[in-house]
Amino acid sequence: MSVETKAPRVPCCSKLKLFLVSLSFVYFAKAFGGSYMKSSVTQIERRFDIPSSLIGVIDGSFEIGNLLVIAFVSYFGAKLHRPRLIGIGCLIMAAGAFLTALPHFFQGQYVYETTLSHIPEENSTESILPCLANTSHLVINDLSTAASKAACEKEAGSSMWIYVFLGNMLRGIGETPVMPLGVSYLDDYARKENTAIYLACLQTVGILGPVFGFMFGSFCAKIYVDIGSVDLESISINHKDSRWVGAWWLGFLVSGFLMLLAGIPFWFLPNTLAKQCKSPSKKRQKEDIQAKSSSDTPEVEPEQGSFIPEDNTEEDAPQPVTMAAMAKDFAPSLKRLFSNKVYLLIILTSVVAFNGFIGMITFKPKFMEQVYGQSPSKAIFLIGSMNLPAVAVGVIVGGLVMKRFKLSVLGAARLSIVSSFLSFCLLLIQYFLQCDNSEVAGLTMTYQGATEVSYQQESLLSQCNMGCSCSLKHWDPVCARNGITYASPCLAGCQTSTGVGKEMEFHNCTCMQELKGGLMAPPTNRSAILGQCPRKRDCDRMFKFYMAVSVLGAFVSACGGTSGYIVLLRSIHPDLKSLALGMHTLIGRTLGGIPPPIYFGALIDRTCLKWGLKRCGGQGACRFYDSHAFRITFLGLVYCLYGLANLLWGVLYLQLSKRQKKLELRSQAKATALEANGNNNPNGHAMVSIFKNKDDLDRDNESTI
């Protein structure tokens with residue numbers, strides 16, 4: 001009796017659940033690091049004075065790291081100790097996170113561009129400002145020789161972004177074994193009906209990582225980059241300024257520590273487990289007996305059934321294999337995998353959808369900043385606190401729908417198609433939720449209604465600031481009382497200032513005009529304050545509508561995430577599962593993860609109206625965009641990619657339906673042949689026909705799915 005009470009299914013289930021909990025924490029930690037990288041894109045771009053196209057290359061280095069090793073890890077890792085390989089990956093990801101933060105400790109202090117280089121005299125709150133004929137010394141002179149420029153760049157550490165590139169690539173290498181080996185391990189030892197809810201749990205916990213990652217990124221974006229080493233009272237910019245750089249390095253230290261903790265349990269988990277035990281309840285036992293008694297009646301498509309014809313032979317215990325044997329079988333396995341038409345369509349659809357998603361999420365904070373006038377920290381916070389929780393709820397709802405209605409593969413495909421189409425419709429609504437461009441003299445406004453404030457084409461100069469000897473390269477914006485932003489106090493024609501640091505105010509600005517009785521006239525108050533003018537009030541109302549549509553779209557899109565995974569898992573042979581997941585990740589991240597940040601960033605750069613100036617001269621990061629052109633470029637790319645993804649989903653569904661009809665014909669032929677063989681067929685011709693039919697369908701399976 002004591003032997004019977006100690007059933008082996010209790011420890012097997014507990015170990016699988018321990019693996020699920022550990023893998024969920026890894027999903028959280030890696031998602032935290034990845035989302036923090038996305039949230040820090042703007043800060044890194046400004047810190048190293050690089051364009052959006054180059055920041056896209058840095059962001060894509062994660063996928064480059066995946067590309068280097070994922071095919072081999074997915075294939076060979078499936079035959080090795082999968083939990084320990086995941087633990088090794090966690091160590092590599094931690095090292096990559098620490099390497100990413102390293103430049104901060106070796107780079108000099110951040111020096112933002114400004115024309116306010118003078119210091120007022122002691123015991124005085126007023127000082128003379130640039131609009132004077134002899135103020136050319138305030139402008140940073142271009143370096144005359146290549147040697148002096150190289151020395152300046154070395155001192156400024158302008159090439160330190162390479163360490164960020166390498167660290168992000170190392171994170172990509174370490175992340176490689178997590179998804180294909182972890183998901184295949186769960187699917188191998190879990191009951192089939194539990195796979196969907198386990199995947200939903202993984203994705204939900206994984207989405208909590210970006211929630212905390214974006215919120216922590218928002219917190220760090222408000223902290224000055226050199227916190228603790230500079231006097232913050234002397235800083236004349238705040239976190240809303242386009243020159244502000246937050247403490248981008250802090251989150252990578254936290255991410256590295258989390259990855260070290262996440263990898264510990266995998267060193268103590270076994271390589272193999274017994275199949276997850278069934279529920280010992282009487283109700284479950286009765287259902288199992290009924291299912292076994294009716295097993296002779298073939299079903300067309302069981303719950304979450306596979307599109308792969310199953311062999312009737314029992315699985316033997318896993319036999320040890322050599323590396324040579326695995327290497328010899330690698331090419332034939334790839335050939336079998338890519339002869340599957342359904343798998344190829346899934347790959348193509350995923351690549352197009354990944355392009356749209358990666359490009360959108362990389363530059364969405366900048367989109368919210370430039371189009372709706374939100375600060376980077378607020379944009380990141382809203383994504384983390386509103387969009388990502390909506391995604392988490394959507395993933396849970398999708399998993400529950402799969403389990404509650406016991407959706408087949410075709411049902412899962414229908415759920416994915418509906419959610420994809422509805423989210424695309426919500427994306428289209430965002431096009432009509434726009435704000436007016438910021439009013440910046442000489443950039444978006446070339447004429448204010450009076451001759452003395454008309455600006456030359458593509459120039460910041462006007463008659464009101466001609467005699468001020470202003471620098472045209474710097475971006476040091478001030479907001480006038482008339483609601484117009486000027487690129488610098490000098491270009492606004494300001495003569496004097498009061499206050500210091502962020503409290504500085506400028507007076508006697510000759511370029512300011514205001515509307516009175518339909519005509520432009522000199523304002524009664526010719527003063528300005530530091531910073532760019534805020535958007536109009538109706539823009540805040542429009543932004544609220546945008547966030548509502550964006551959150552609803554995130555929820556609807558996430559509802560089809562789990563069902564899409566089920567379609568993938570049930571359309572491949574069990575022995576190719578890890579390789580298929582690995583190749584799916586490899587191709588998806590190679591073609592869907594690396595290019596989008598680069599070409600999105602390159603096209604976004606074309607909408608820049610005012611480039612910043614590097615410390616050592618030359619073009620730096622963009623300070624101000626044409627919001628209309630930015631919106632059309634950004635949304636246009638997203639619409640094209642998601643529209644194509646919806647069309648491919650339709651083609652994939654037609655292919656799945658075609659395969660379903662073949663399975664139904666096979667089931668009918670098998671049932672007819674069994675009945676004929678049982679009634680009267682002493683020569684066994686029907687059995688021969690059965691096996692011949694099965695072989696034909698297996699060959700058809702290899703070539704069509």
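Q: How many cavities of 30 Å³ or more does the structure hold?
A: The structure holds 9 of them. A cavity is a set of points on a 1 Å grid over the protein atoms alone where a 1.4 Å probe fits but cannot get out. This is a predicted model, where local features need pLDDT of at least 70 and side-chain atom pairs count only at pLDDT 80 or more, while totals for chains, interfaces and linings use all residues. Residues are numbered from 1 along each chain as its sequence is written, and side-chain values use heavy atoms, with hydrogens and water left out.

Q: What is the volume of the second largest cavity?
A: About 70 Å³. A volume here is the space filled by probe spheres set on the grid points, which are joined across faces, edges and corners.

Q: Which residues line the second largest cavity?
A: T42, E45, R46, S242, K366, E369, Q370, C622, R623 and Y625. Lining residues have an atom within 4 Å of a point. By class, 2 are nonpolar, 3 polar and 5 charged. Ala, Val, Leu, Ile, Met, Phe, Trp, Tyr, Cys and Pro count as nonpolar, Asp, Glu, Lys and Arg as charged, and the others, Gly among them, as polar.

Q: Which elements each supply at least two residues of that lining?
A: α3 (41–47), α14 (341–372) and β10 (619–625). Helices (H or I, at least four residues) and strands (E, at least two) are DSSP runs, numbered from the N terminus.

Q: New topic: how many helices and strands are in the chain?
A: There are 22 helices and 10 strands.

Q: What about α8: which of its residues are buried?
A: V164, F165, G167, N168, M169, R171, G172, G174 and E175. Buried means under 20% relative accessible area (1.4 Å probe, protein chains only).

Q: And what percentage of the chain's residues count as buried?
A: 53% of the 705 residues.

Note on methods: Buried < 20%, exposed > 50% of the residue type's maximum accessible area, 1.4 Å probe, protein only. 1 Å grid on protein atoms, 1.4 Å probe; cavity = no way out; pocket = protein on both sides within 12 Å on 5 of 7 lines; lining within 4 Å.
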